[in-house]
Amino acid sequence: MDRRKKDIVELTKCSLRQYRELEKLPLAIMADNVRSMYNIGAMLRTADAFLVGEMVMAGISGCPPHPEITKTALGAEESVSWRHVGDAVAEARRMQAQGWTVCVLEQAHDSVPLDSFAAEAGRRYLLVVGNEVEGVDQRIVDLADMVLEIPQAGVKHSLNVSVSAGIALWHMSSTIKELQ
């Protein structure tokens, strides 16, 4: 058994150019009014790790270039396709009209536990995560095709938005890869 930690050369799977040419998953993430640039950077880095097709920063969400995003993204702002839109609700509606399945990560009545989510072949998924205090805009929750919730057992009732996004993206990307 070899438990030596890998060095940077062993960890480097591909160049930036090669990464950009990889086929991405039919999965996008939208940050709905996420205030923290550190959270945006962390989500970009997670999107890079799981071959997410695009990250949409909406409303007050910051976007690159920004020193705090760069600090946590560690270059993922260069590898992940991203864009900024002013209105998260309008963008969610637009993407839904284009055939995207809108999945909101939120604690809501009649939400579905995240571990019950299973991707369907031929579908594209938009995961919407929300503001650190207010969560996802209720109008997006109302229009969503599904509301996903991470089951939690502790005293605290929520997780950091970038942590929640990471858990959800890992699970969603895993079920999408099973179909490929």
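How many salt bridges does the count come to by this rule, a side-chain nitrogen of Lys or Arg within 4 Å of a carboxyl oxygen of Asp or Glu?

Author: The count comes to eight salt bridges. This is a predicted model, in which local features need pLDDT of at least 70 and side-chain atom pairs count only at pLDDT 80 or more, while totals for chains, interfaces and linings use all residues. Residues are numbered from 1 along each chain as its sequence is written, and side-chain values use heavy atoms, with hydrogens and water left out.

Side chains of opposite charge can pair when their charged atoms come close. One of the salt bridges joins Arg83 to Glu54, with 2.6 Å from N to O. This pair links distant parts of the chain, since Arg83 sits in strand S3 (residues 82-85) and Glu54 in strand S2 (residues 52-58), 29 residues apart; helices (H or I, at least four residues) and strands (E, at least two) are DSSP runs, numbered from the N terminus. Arg83 also meets Glu91 in a salt bridge, again with 2.6 Å from N to O. Buried means under 20% relative accessible area, exposed over 50%, and partly exposed in between (1.4 Å probe, protein chains only). On that scale Arg83 is partly exposed at 23%, whereas Glu54 is buried at 17% and Glu91 is buried at 7%. Through shared partners, salt bridges join Glu54, Arg83, Glu91 and Arg94 into one network.

Another salt bridge is formed by Glu132 and Arg35, whose closest N and O atoms are 3.6 Å apart. Here too distant parts of the chain are linked, 97 residues apart: Glu132 lies in the loop between strand S6 (124-130) and helix H7 (138-143), and Arg35 in the loop between strand S1 (25-32) and helix H3 (37-49). Glu132 is partly exposed, with a relative accessible area of 27%, and Arg35 is partly exposed as well, at 48%.

The buried residues of H3 are Met37, Asn39, Ile40, Gly41, Met43, Leu44, Thr46 and Ala47. Just after H3, Leu51 takes a positive phi of about 55°.

H3 also contributes to a lining, for H3, helix H1 (8-11), helix H2 (16-21) and helix H5 (76-79) each supply at least two residues of the lining of the largest pocket. On a 1 Å grid over the protein atoms alone, a cavity is a set of points where a 1.4 Å probe fits but cannot get out, and a pocket is an open set with protein on both sides within 12 Å along at least five of seven lines; lining residues have an atom within 4 Å of a point. Of the 19 residues that line the largest pocket, the closest to its centre are Leu11, Cys14, Asp48, Leu74 and Ser79.
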